[in-house]
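Subject: Structure handover

Dear colleague,

Please find the structure below, handed over for your use.

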Amino acid sequence: MTAIDPSIYLKNQQKQTSGSNILGKDDFLKILMTQIQNQNPLDPMEDKEFIAQMTQFSSLEQMTNMSQSLQSFLDGQQSPPLIQYSHLIGKEVSYAVTNPETGSEEVKAGQVISVKQKDGDILLEIEDGAAVPVGSLTQIKDVKVEE
């Protein structure tokens with residue numbers, strides 16, 4: 001009797017993957033078309049089964065489109081931090097400042113003239129030249145225009 005070559009055992013075979021474990025709508029259509037092409041001509045697929053599978057395919061496609069639309073919407077909602085704080089230009093802000101000599105905290109106020117980003121931090125430039133991190137703001141007020 002001849003021995004079986006151990007290299008052809010399933011456990012010794014390399015696994016082939018396509019790179020993704022997720023089936024998409026193209027994969028679903030290929031499976032459906034293969035199923036239709038290879039059905040038994042004496043016992044064809046019933047209409048109900050075919051309609052159910054087409055309904056599943058339609059639902060899959062709609063969910064995929066909705067997911068893509070939602071992701072696009074979310075991407076549009078995430079504006080850069082500079083834009084998020086640009087509405088503060090022209091406003092009067094109060095902010096906490098710690099005196100390095102005494103260690104005491106005092107509150108200063110001034111009008112915002114610009115917003116800038118430095119080393120990942122958002123800073124408000126105040127009319128007196130101070131650069132204030134947005135995290136140290138204690139109050140925001142409209143500037144009253146005198147006529």
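A contact here means that heavy atoms lie within 4.5 Å. On that basis, among the contacts between residues at least 6 apart in sequence, 42% join residues at least 24 apart. Please note that this is a predicted model.

Overall composition. The protein has three helices and five strands.

Surface and burial. Of the 147 residues, 12% count as buried, where buried stands for under 20% relative accessible area. The protein exposes about 12,300 Å², and 52% of that area is supplied by carbon and sulfur atoms.

Strand pairing. Strand β1 covers residues 92–98 and pairs with strand β2, residues 105–118, in the antiparallel sense. Seven bridges make up this pairing. The hairpin of β1 and β2 has six residues between the strands; within this hairpin, G103 takes a positive phi near 80 degrees.

Strand β1 is also joined to strand β5, which spans residues 137–141. These two strands run antiparallel and are connected by four bridges.

Which residues stand opposite E92 in β2 and in β5? In β2 the residue is Q111, and in β5 the residue is K141.

Yours sincerely

How values were computed. Residues numbered from 1 in each chain as written. Predicted model: local features only at pLDDT ≥ 70, side-chain atom pairs only at ≥ 80, totals over all residues. Heavy atoms only, no water. Buried < 20%, exposed > 50% of the residue type's maximum accessible area, 1.4 Å probe, protein only. Areas by Shrake-Rupley, 256 points an atom, 1.4 Å probe, with all protein chains shown as cover. Pairing = 2+ DSSP bridges.
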